[in-house]
Amino acid sequence: MSETRSAIRTALVIGGGISGPVTATALHKAGIEARVFEAYPGPAYGVGSNLALAPNGMAALDVIGAGDAIRAIAAPITSQSMAVNNKHLRLPGMSGVEPLQLVDRPDLHIALHDVAVAAGVQFEYSKRLIDVEEHADGITAHFADGTSATGDVLIGADGIRSTVRTLIDPNAPGPQYLRMLGFGAYIEGGSLDLAPGNMIFAFGKRAYYLYWTMPDGRIAWGANLPHEQYLSLSEARTVSNGEWLRILREVYADDIPGAELARATKPEDLVVVGALQIMPPVPHWYRGRMVLTGDAVHAPSNTSGQGGSMAIESAIELARCLRDIDDPTAAFATYEALRRPRVEGVANRVKRMNHTKAAGPVTRAVMGVVMPMALKRMNPEKTMGHEQRFRIDWEAPVQPVRVHA
């Protein structure tokens with residue numbers, strides 16, 4: 001553990017998914033003792049299928065020494081294509097950046113947990129936060145099992161349905177349902193001849209899906225199924241995988257290769273993700289000694305390809321602010337000033353794209369005409385460069401912003 005420059009010495013991190021372990025590891029690197037409290041009984045309990053980490057996210061993981069551990073379990077995506085009305089269009093790429101890294105969420109959670117433990121972070125499981133008590137020199141978290149813990153600050157890394165967000169602001173907005181359910185699966189290659197490392201984003205006749213080839217020859221695919229009724233993960237999993245597959249096979253029956261992907265998926269290989277959601281802008285990122293990070297405060301659409309990477313960046317920037325600024329309010333205000341414009345910029349970039357995933361026949365026909373012309377004019381450096389080339393300078397001291405009374 002390095003020597004902290006701050007009077008903040010201890011932190012309680014609520015949530016053990018992605019941003020929680022990254023925040024805690026970065027805090028330890030900054031010389032601040034952090035403990036992680038997770039409501040689930042383990043580090044990879046009940047999570048979804050795959051996650052893409054962009055070059056900026058991988059660079060942020062390198063700051064805490066976690067990048068190579070993730071690369072070892074990830075599948076690199078070296079090219080991307082878009083399919084509209086079964087016609088494939090190559091997406092222009094950027095030069096000189098690391099490829100997207102596709103990783104299974106359970107594997108990612110376990111790897112980040114292991115990196116954090118190696119750094120000295122302590123984890124406690126089956127700890128569901130129910131309340132907090134702030135006092136002059138710290139904050140106490142109270143858990144459903146009757147236990148409590150006290151630290152200098154409390155960090156809400158507890159996901160899109162964050163308890164900490166509600167404790168900070170009872171009127172805070174909740175997640176917005178995109179009227180789609182997520183599914184994922186791996187299948188054997190079958191008759192599909194796909195180039196290794198190529199990801200295809202397909203706008204099918206009735207629903208959006210994506211697919212890519214794994215290094216071992218299997219094909220991974222994900223489905224965004226239009227569904228008006230919101231279903232939580234637990235609610236979606238009360239429906240049998242066989243029944244979901246029947247629905248997916250019907251929805252993708254007229255798509256190439258969507259029909260084959262659905263047909264080749266076995267019930268036991270289908271991963272039900274549940275409702276796809278985003279976070280609208282959150283008015284209050286912090287209050288007193290509490291602050292939010294990761295999906296608890298910003299969760300862009302999966303269309304962005306930046307959700308996990310933004311969470312990782314924010315976790316590390318928060319640790320830098322707490323390292324360099326003694327006063328929690330000033331540290332949190334500076335952190336928000338650093339991060340809000342960037343994460344909301346990503347969310348705004350893909351806001352319109354969410355509607356195309358369930359496009360009707362007229363919209364699909366228009367896309368088939370407009371998309372080739374749009375891709376020819378697309379400048380990926382202008383569109384994506386500021387996102388993917390962003391790098392955190394860990395060693396640079398953070399200058400506090402002025403906090404208005």
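By buried I mean under 20% relative accessible area, with exposed being over 50% and partly exposed in between, using a 1.4 Å probe and protein chains only.

Quick housekeeping. This is a predicted model, where local features need pLDDT of at least 70 and side-chain atom pairs count only at pLDDT 80 or more, while totals for chains, interfaces and linings use all residues. Residues are numbered from 1 along each chain as its sequence is written, and side-chain values use heavy atoms, with hydrogens and water left out.

Back to the tyrosine. Tyrosine 335 sits in helix H10. Helices (H or I, at least four residues) and strands (E, at least two) are DSSP runs, numbered from the N terminus. Which residues does tyrosine 335 touch, not counting those up to four places away in sequence? They are Trp285, Val291, Leu292, Thr293, Val297, Ser314, Glu317, Leu318 and Cys321. Contact here means heavy atoms within 4.5 Å. Take serine 314 from that list: serine 314 and tyrosine 335 are 21 residues apart in sequence, and C-alpha to C-alpha they are 8.1 Å apart in space.

That takes us to the helix pair. Two packed helices are described by the angle between their axes and the distance between the axes. For H9 (residues 307-324) and H10 (residues 328-350), the angle is about 160° and the axes are 9 Å apart. That makes H9 roughly antiparallel to H10. On the terms: axes are lines fitted to C-alpha atoms, for helices over the stretch in contact, and angles run from 0 to 180 degrees between N-to-C directions. Under 35 degrees counts as roughly parallel, over 145 as roughly antiparallel, 65 to 115 as roughly perpendicular and the rest as oblique.

Sorted by class, the contact of H9 with H10 has ten nonpolar, two polar and four charged residues. The nonpolar class is Ala, Val, Leu, Ile, Met, Phe, Trp, Tyr, Cys and Pro; Asp, Glu, Lys and Arg are charged; and the others, Gly among them, are polar.

H10 has another partner to show you, helix H13 (residues 380-388): the two axes come within 11 Å and cross at roughly 145°. This crossing is left-handed. Arg342, Val346 and Arg349 of H10 make the contact with Thr383, Met384, His386 and Glu387 of H13. The class count for H10 with H13 is two nonpolar, two polar and three charged residues.

Now for the strands. Strand E16 (residues 219-226) has seven of its eight residues buried, so it is largely enclosed by the rest of the structure. E16 is joined to E13 by eight bridges, running antiparallel; two strands pair if DSSP finds at least two bridges between them. The bridge partner of glycine 184 is glycine 222 in E16. E16 also pairs with strand E15 (residues 208-213), in the antiparallel sense over six bridges, and there tyrosine 208 has asparagine 224 as its bridge partner. What does glycine 217 do in the E15 and E16 hairpin, with its five residues between the strands? Glycine 217 takes a positive phi near 95°.

Strand E13 (residues 176-187) is also joined to E17, antiparallel, by six bridges. Glycine 182 stands opposite glycine 274 in E17. Strand E17 (residues 271-278) is mostly covered too, with six of its eight residues buried.

Elsewhere, three strands form an open antiparallel sheet in the order E9-E10-E11. Strands E9 (129-135) and E11 (148-151) stand at the edges with a single partner strand each, so one side of each is left without a neighbour in the sheet. The twist averages 20° from one strand to the next.

Serine 19 is in helix H1 (residues 19-29) and counts as buried at 7% relative accessibility. Helix H2 (residues 55-63) is mostly covered, with eight of its nine residues buried. After H2 comes glycine 65, with a positive phi near 75°.

Definitions and conventions. Left-handed = near helix turned anticlockwise from the far one by under 90°.
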